[in-house]
Amino acid sequence: MAYERIHTSLSKGIETITLDYGPTLNALDMVMAGELAEALEEAEGNPEVKVLVLAGAGRAFSAVGHIR
C-alpha cells in the first residue's frame, strides 16, 4: 500500500517501517499514526514477516508528537 508519511519494505523476512515526513522531523501526527497503525496490522498478519524494524528518515527518528 502507498502511504503519505511512512514507507514500508520487506526483504528476507525483515519488515522495515520508516517514518518519513521531513517538515516536522517525523513528528507523530494523526495521519502518520493512522498509517503506522495500518502498516503494523498488515505486518502482523503477514506470515513472511519475522522481524520488524521501525526507523526514521532524515536527521531525526521522530520529534515527538504533533497532535492537534
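Predicted model: local features only at pLDDT ≥ 70, side-chain atom pairs only at ≥ 80, totals over all residues.
Which residues does Ala39 touch, not counting residues up to four places away in sequence? Ala39 touches Tyr3, Ile6, Thr8 and Ile17, where contact means heavy atoms within 4.5 Å. Residues are numbered from 1 along each chain as its sequence is written, and side-chain values use heavy atoms, with hydrogens and water left out.

The protein has one helix and three strands, and along the sequence these follow the pattern β-β-α-β; helices (H or I, at least four residues) and strands (E, at least two) are DSSP runs, numbered from the N terminus. The radius of gyration is 12 Å, close to the 11 Å that the globule rule gives for 68 residues, so the protein is as compact as a globular protein of that length. Here the radius of gyration is taken over C-alpha atoms, and the globule rule is 2.2 Å times the number of residues to the power 0.38. Along its principal axes the C-alpha trace spans about 35 × 20 × 20 Å. Among contacts between residues at least 6 apart in sequence, 67% join residues at least 24 apart.

Ala39 also belongs to the largest nonpolar core, which has seven residues: Tyr3, Ile6, Ile17, Leu19, Met32, Leu36 and Ala39. Strand β2 (14-19) and helix α1 (30-44) each supply at least two residues of this core, and α1 gives the most, with three residues. A nonpolar core is a set of buried Ala, Val, Leu, Ile, Met, Phe, Trp, Tyr and Cys residues joined through side-chain atoms within 4.5 Å, and buried means under 20% relative accessible area, exposed over 50%, and partly exposed in between (1.4 Å probe, protein chains only). Of the 68 residues of the protein, 28% count as buried.

Two further residues of the helix can be set side by side. Ala43, found in helix α1, is buried, with a relative accessible area of 9%. Leaving aside its neighbours within four places in sequence, Ala43 is in contact with Glu15, Val49 and Leu52, whereas Ala43 and Ala27, which are 16 residues apart in sequence, lie 22 Å apart in space, C-alpha to C-alpha. Glu42, also placed in helix α1, is partly exposed, with a relative accessible area of 46%. With neighbours within four places in sequence left aside, Glu42 is in contact with Met1 and Tyr3, and the C-alpha atoms of Glu42 and Met1, 41 residues apart along the chain, are separated by 9.6 Å.

On the strand side, Ser9 has its place in β1 (residues 6-11) and is partly exposed, with a relative accessible area of 41%. Not counting residues up to four places away in sequence, Ser9 touches Ile14, Glu15 and Thr16. Ser9 and Val53 are 44 residues apart in sequence, yet 9.9 Å apart in space, C-alpha to C-alpha.

Lys12, in the loop between β1 and β2, has a positive phi of about 55° although it is not a glycine, and at 83% relative accessibility Lys12 counts as exposed. Leu25, found in the loop between β2 and α1, has a phi near 50°, again a positive value in a residue other than glycine; at 27% relative accessibility, Leu25 counts as partly exposed.

Leu25 is also one of the partners of Ser62, which is in contact with Leu19, Leu25, Asn26, Ala27 and Leu28 when neighbours within four places in sequence are left aside. Ser62 is found in the segment after β3 (51-56) and, at 28% relative accessibility, counts as partly exposed. The C-alpha atoms of Ser62 and Leu28, 34 residues apart along the chain, are separated by 7.1 Å.

Finally, the surface and the charges. The protein exposes about 4,500 Å², of which carbon and sulfur atoms supply 57%, with accessible areas taken from the Shrake-Rupley method with a 1.4 Å probe, only the protein chains shown counting as cover for residues. The mean positions of the 5 positive and 10 negative charges are 9 Å apart. Lys and Arg count as positive and Asp and Glu as negative, while His and the chain ends are not counted; the place of a charge is taken as NZ of Lys, CZ of Arg, CG of Asp or CD of Glu.
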